[in-house]
Every structure is written in structure tokens, then in C-alpha cells.
Amino acid sequence: MSTAPAPLRDAADWRADFPALRQSVHGRPLVYLDSAASAQQPGAVIDAVASYQREDHANVHRGVHTLSHRATEAYEGARDKLRDFVNASSRSEIVLTKGTTEAINLVAQSYCRPRLQPGDNIVITHLEHHANIVPWQLVCEQTGTELKIAPINDRGEVEVDGLYGLIDEKTVLVGIAHVSNALGTVNPVEDIVAYCRDREAAVLIDGAQGVPHLPVDVQTIDCDFYTFSGHKMFGPTGTGVLYGREALLDAMPPWQGGGDMILEVTFDKTTYNELPYKFEAGTPNISGAVGFAAAVDYLQRIGMRQIADYEHELHDYMVSRLRGVDGIRFIGEATRKASVQSFLLDDIHSHDLGTILDHQGVAVRTGHHCAMPVMQRFGVSGTCRASLALYNNRDDVDRLVAALEKAREIFG
Ligand code: PMP
């Protein structure tokens, strides 16, 4: 967080940084409202990856030649930027993964699996993405332990008292989203962490939808693990981070074995590398890390506070405009929200609605959003979800609303 934020620019300038947004879809200028699934990339990220591929590509860490040094510098430089971005206290705490999903699986298998004893439990909430459900189901099955689910209310907020009621001396870990991808709910993660700290339960925050939209400081949140993905914050796919408290990572066994995660291998005994390399077996996604670093530079140049404020204002505008559409039903009306609004229109199936919007150049996500339990909680099979990023503006929202009005006409 050391880079000073750039002076306020007009949102139109940010939009101009993203080449993909200059195209038309079905003859209409593209309105991209699916950043919660995957955000578009600015030219700076695309160029950084292309330049690395053209001039610097080689394998990292063990090479003595110039290109290998350059690749290593770029890869390890990305780790330093990511450490700074979330204010981890040491670069050893930043494990580069292929995304949030891999990071959560790593914690389930390496932190929880060796610790879980019959009678123990893991606690998550009803609003989690499948990536923050299934890895815990797997490890609970493997160890004969229990997965407990904290309830959410009709607005799509975690019932914090209900969550606290599930946490006991047998709770090994609490896993919770920073921001829900299906509902947009911002969870009170600092309060939850403080509560868990007193009860000695570790906390993992799934930050896939947090980091792109809010300033995140893992030391202030005080969590044990924080996970996020590059492609939701203008970086390449196949990149992500597991932040872990150093003492915990240090005590955890490796998750995958192979090159780079070892110091010495014999058939009698293998010794493992130091942190964070112990958790990075095999050739990593080097070009992805280069793009990820460029995405962090981009975000830091604008400043996460400015991004959060801009998006918050635009989100309010989107919600108030959508509220004016006849026949709309909101799914997710939490008091604290970021980026996302899920909805249904009349009794139109969400996929049909999404297809009609696409024909008008408006890209939204439809379906269960990898959060089937959320859909079950609200008694629907899926929703339409519009999600914002800093390159969106009020015109995009107006185009969405016009496209919805058109869908109503079509469906009569
Ligand atoms: N958690 C949340 C809240 C998400 O939105 C996503 C992506 N939709 C994930 C986890 C999984 O991220 P990835 O697919 O990048 O591993």
C-alpha cells in the first residue's frame, strides 16, 4: 500500500485503459457487467505479459543464465508487490497459487487435515461460493468431522449470532467470504476474526470478491488465511494468492510434492524448501505472475480507496435504477454491499433473460453463480447478476435498465 494514489481521474479515463471494452457485441457497444466472474484486463497488464513472453521468458529459480535471472526477478517481484498490496508482514506469507480455489484446498488439506480429530468441526456460512464449501466437505469426509453452516437472513446477511453459536472449543477453522459473489454482501470480517481469536479457531477469509473492490490489510483484519484470484482484479487467469500467517504456514506440511519445493531429495529422506516455496511445487505460472503484478500496479496507481468509493456510488445508482423496473425481484439486499446486484425479472428464466441482454450488447452472468446453497436459501434455481468494476459508469447501468425493459416487451 506504499504507492501514493494518483489524483482523481474521470472514470472515462479508466475505461479507456481496457481494450476489450472498445468492441461491439451484436452490433451494440459492449456493456460489461460480469466482472465478478472475471474482470477485463487493462492494456498495461496485456503489454506486461506480452513483453515478458517476447523477451524474458525462461524457467525461474535455478537458472544461472540471464533470462532465467530476469524471469526469477519478475516472478519474485510479483510476490513483493502482492505482499505490499495486502500488507502482509513478510514475503514468506505470500504463496502464489492458481487461484482462490487452489488456495482454499491447500489450507483444507495442509492445515486442517492433519489437525482434525473425530468430534472436531469446521464452520462456514450459507452464502459461500462452492470453492469455500467443497474443500471443507472433502476434508470433513476424510477425517470423519463435522461441517457446520451458519445461517443467513432474508436480506442475504450472515446472522452473526447464529455463526458465533456454532463456534466451540472443537472448531478448528472458520471459513467466510469477505464479499459474497452471488449477493454482494460485505461480511463484518474483522469482528468475526476478533471473536474467533478469543476462542482459538483459525479464520480463513475468501477474498476473491473482496480484494478487487475494497482496500484490504490482512494485518488489520488479523485473519490467519486470506485467499484471492488475479483474474477478478484485472490480472490473468490461473493466478492467485494464499496469504497465511507465517507461524501457521511454517508448521504446515507441504501439500503437493515436486520440483522447487525441496532442498534435498534422496530416496531415504527429502527435506523441504523454506517458505513460501514449500507450497509451490513445479514450474509456476510465471507470465501470469507478471500480469498479476501489473494489475496490482494498476490498482495501486488509482488507489483502492478511490476505487471503492467510485464503485459504491455507482452501485447505489444501479440499485436505485433497477428498483424502478417493473417486475424486478432483488436477491440480496444487505445493508453493506459491494459491486454486485442479483435479480430476477417477472417469471423469465435467468438464462433467457441473460441471452436477451446479450443480444443488446449487455453482458451479465446468469445461473447459480457457483453458490447453489444461496439459490436454495432463496428458493430459486438461479439469478441474473450484474457486477461492476471501475470501468463501468452510469451509461452502462442505463443500458442495462433499457435492455431489461426490452426483455419485458419481448416476453409480454
Ligand atoms: N470465492 C468467491 C467468492 C468467488 O467469487 C470465486 C470465483 N467466482 C471463487 C471463490 C473461486 O475463484 P477461482 O475460480 O478464481 O479459484
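The dialogue below walks through the domains, their interface, the ligand site and the salt bridges of a predicted model.

Visitor: Into which domains is the protein chain divided, and how far apart do their C-alpha centres lie?

Guide: The assignment gives domain 1, which is made of two segments, 11-42 and 303-411, and domain 2, which covers 46-300. The C-alpha centres of domain 1 and domain 2 are 28 Å apart.

Visitor: How many residues of each domain are in contact, and how much area do the two domains bury between them?

Guide: On the side of domain 1, 43 residues are in contact with 37 residues of domain 2, and together the two domains bury about 3,300 Å², of which 57% is on carbon and sulfur atoms. Within domain 1, the residues that lose the most area to domain 2 are M304, R336 and R377, which together account for 19% of what that side buries.

Visitor: What polar pairing does the rule find across this interface?

Guide: Between domain 1 and domain 2 there are 27 residue pairs in polar contact, counting pairs with both residues at pLDDT 80 or more. Among the elements on the side of domain 1 that touches domain 2, helix 11 (304-323), strand 14 (340-345) and helix 13 (372-377) each supply at least two residues. That side of domain 1 divides into 25 nonpolar, 10 polar and eight charged residues.

Visitor: How should I read a salt bridge, and how many does the rule find across the interface?

Guide: As a general idea, side chains of opposite charge can pair when their charged atoms come close. Across the interface of domain 1 and domain 2 the rule finds one salt bridge; the side chains of R377 and D154 meet in a salt bridge at 2.8 Å, N to O.

Visitor: Which residues are around the ligand?

Guide: The residues around the ligand are G99, T100, T101, H129, A131, N181, D206, A208, Q209, S229, H231 and K232. Turning to individual atoms, a polar side-chain atom of T101 lies 2.6 Å from an oxygen atom of the ligand, and an N or O atom in the side chain of S229 is 2.7 Å from an oxygen atom of the ligand. For K232, an N or O atom in the side chain is 2.7 Å from a nitrogen atom of the ligand.

Notes:
Residues are numbered from 1 along each chain as its sequence is written. This is a predicted model: local features need pLDDT of at least 70, side-chain atom pairs count only at pLDDT 80 or more; totals for chains, interfaces and linings use all residues. Side-chain values use heavy atoms; hydrogens and water are left out. Domain bounds come from an automatic or database domain assignment. Contact means heavy atoms within 4.5 Å. Buried area is the accessible area (1.4 Å probe) that two parts lose on being put together, summed over both. A salt bridge is a side-chain nitrogen of Lys or Arg within 4 Å of a carboxyl oxygen of Asp or Glu. A polar contact is a pair of N or O atoms within 3.5 Å; within protein, one must be able to donate a hydrogen and the other to accept it, and residues adjacent in sequence count only if both atoms are side-chain atoms. Helices (H or I, at least four residues) and strands (E, at least two) are DSSP runs, numbered from the N terminus. Ala, Val, Leu, Ile, Met, Phe, Trp, Tyr, Cys and Pro count as nonpolar, Asp, Glu, Lys and Arg as charged, and the others, Gly among them, as polar. A residue is near a molecule or strand if one of its heavy atoms lies within 4 Å of it.
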